Amino acid sequence: MPRILTIVFVLTLALLAATPGMTAQAEWPAYRGNAKSRIYHNSGCKYFNCKACTVPLVSPQEARAKGFRACKVCGG
Ligand SMILES: [Zn+2]
């Protein structure tokens, strides 16, 4: 298979895989706050699943309202 077709194929698979995830974000908290450091992360952050990241947050607005600061790595 020519390389460009392979890339298009992989991108299509990635889009298909991402679509249900985006609709599920309405029920799944897209952000998590670190209860110790009071820093919040988005779901794509490498720290999203950290041990102290136990506070589910729906939006950056909610995070800030609860006293969390945006993560410097992911931007919150
Ligand atoms: Zn982060």
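Which residues make up the largest nonpolar core? The answer is a group of seven, namely Tyr-31, Ile-39, Tyr-40, Leu-57, Ala-63, Phe-68 and Cys-71, where a nonpolar core is a set of buried Ala, Val, Leu, Ile, Met, Phe, Trp, Tyr and Cys residues joined through C-beta atoms within 7 Å.

## Basis of the model

This is a predicted model, in which local features need pLDDT of at least 70 and side-chain atom pairs count only at pLDDT 80 or more, while totals for chains, interfaces and linings use all residues. Residues are numbered from 1 along each chain as its sequence is written.

## Overall layout

The protein chain has two helices and four strands, and along the sequence they follow the pattern α-β-β-β-α-β. Helices (H or I, at least four residues) and strands (E, at least two) are DSSP runs, numbered from the N terminus.

Of the 76 residues in the protein chain, 16% are buried; a residue is buried if 20 or more other C-beta atoms lie within 10 Å of its own, exposed if 12 or fewer, and partly exposed in between, with C-beta atoms placed from the backbone. Among contacts between residues at least 6 apart in sequence, 52% join residues at least 24 apart, a contact being a pair of residues whose C-beta atoms, placed from the backbone, lie within 7 Å.

## The sheet

The four strands form an open sheet with mixed pairing, in the order E3-E1-E2-E4, where two strands pair if DSSP finds at least two bridges between them. Strand E3 (53-57) and strand E4 (69-70) stand at the edges with a single partner strand each, so one side of each is left without a neighbour in the sheet.

Strand E2 (residues 39-42) pairs with E4 in the parallel sense over two bridges, and Tyr-40 has Ala-70 in E4 as its bridge partner.

## Residues around the core

Tyr-31, one of the core residues, touches Tyr-40, His-41, Asn-42, Leu-57, Ser-59, Pro-60 and Ala-63 when residues up to four places away in sequence are not counted. Glu-62 lies 31 residues from Tyr-31 in sequence, yet their C-alpha atoms are 9.5 Å apart in space. Glu-62 belongs to helix H2 (residues 60-65) and is partly exposed, because 16 other C-beta atoms lie within 10 Å.

## A loop residue with positive phi

Arg-38 is found in the loop between strand E1 (31-34) and E2, and it counts as partly exposed because it has 14 C-beta neighbours inside 10 Å. Most residues other than glycine have a negative phi. The phi of Arg-38, however, is positive, near 60°.

Definitions and conventions
Two residues are in contact if their C-beta atoms, placed from the backbone, lie within 7 Å.
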